[in-house]
Amino acid sequence: KSVQMTIGSSKVTEDVKVGNSISVNGICLTVTAFSDTWFQVDVMPETIKATSLKMLNEGSRVNLERSMPAEGRFGGHFVSGHVDGTGTIIRKEPDENAIYYDIKIPDELAIYFITKGSVAVDGVSLTVFGITGSTFTISLIPHTVSETILGEKDAGDVVNIECDMLAKHVKNMLSQEHHEK
């Protein structure tokens, strides 16, 4: 079923307008109302079914990110906010100043992953440190741990996965080329 969410925040509402997109845990959602301390979004049934939003409760913390302005700096990979599926954290292991996570994904998404490639986990642009079958590894630096909700996640938690957009385009082009022959 559809949901209307109200999300408390002061930073992303600084220059928000109705109709703007805000990424909530990596899911591009449209602002329908706002104040200085909150904004509201409508979430379609398909988005609820296909993402980790169904696991949120009142008071749950979420990652928020405004859309990049056309004149803005580009500091990661292209992230659209169109989630490809969910993954489950199967291992969390601190190592000096890093935290490593192994995340199990649906088999059909594994084709989009390469070591040192890009992935968005709950909307956070990250580098893939390894891939084994349908499990990939990421590493979080202290800044990512402190500025996102990923550091709070543990084994068993479900996260939203957005595969690298360029990898998806290449696969699509190769699939079309194969069908044309």
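The exercises below work through a few residues of this structure, each with a solution in steps.

The model is predicted, so that local features need pLDDT of at least 70 and side-chain atom pairs count only at pLDDT 80 or more, while totals for chains, interfaces and linings use all residues. Residues are numbered from 1 along each chain as its sequence is written, and side-chain values use heavy atoms, with hydrogens and water left out.

**Exercise 1.** Work out where Asp-157 is placed and which residues it is in contact with.

Step 1. Asp-157 sits in the loop between helix H2 (142-147) and strand E12 (158-163), where helices (H or I, at least four residues) and strands (E, at least two) are DSSP runs numbered from the N terminus.

Step 2. With a relative accessible area of 28%, Asp-157 is partly exposed; buried means under 20%, exposed over 50%, and partly exposed in between, using a 1.4 Å probe and protein chains only.

Step 3. Leaving aside neighbours within four places in sequence, Asp-157 is in contact with Gly-87, Thr-88, Ile-89 and Glu-152, contact meaning heavy atoms within 4.5 Å.

**Exercise 2.** Decide whether Thr-135 is buried or exposed, and list what it touches.

Step 1. Thr-135 is found in strand E11, which covers residues 135-140.

Step 2. Thr-135 counts as buried, because its relative accessibility is 16%.

Step 3. Not counting residues up to four places away in sequence, Thr-135 touches Ile-90, Asp-102, Ile-103, Lys-104 and Gly-130.

**Exercise 3.** Find how many salt bridges the whole structure has, and examine the one between Arg-61 and Glu-152.

Step 1. A search of the whole structure gives seven salt bridges, each being a side-chain nitrogen of Lys or Arg within 4 Å of a carboxyl oxygen of Asp or Glu.

Step 2. In one of them, the side chains of Arg-61 and Glu-152 meet at 2.7 Å, N to O. This pair links distant parts of the chain, 91 residues apart, with Arg-61 in the loop between helix H1 (45-50) and strand E5 (64-66) and Glu-152 in the loop between H2 and E12.

Step 3. Arg-61 is exposed at 51% relative accessible area, whereas Glu-152 is partly exposed at 45%.

**Exercise 4.** Explain which parts of the chain the salt bridge between Lys-92 and Asp-154 ties together.

Step 1. The side chains of Lys-92 and Asp-154 meet at 3.4 Å, N to O.

Step 2. Because Lys-92 lies in strand E6 (residues 85-95) and Asp-154 in the loop between H2 and E12, the pair ties together parts that are 62 residues apart in sequence.
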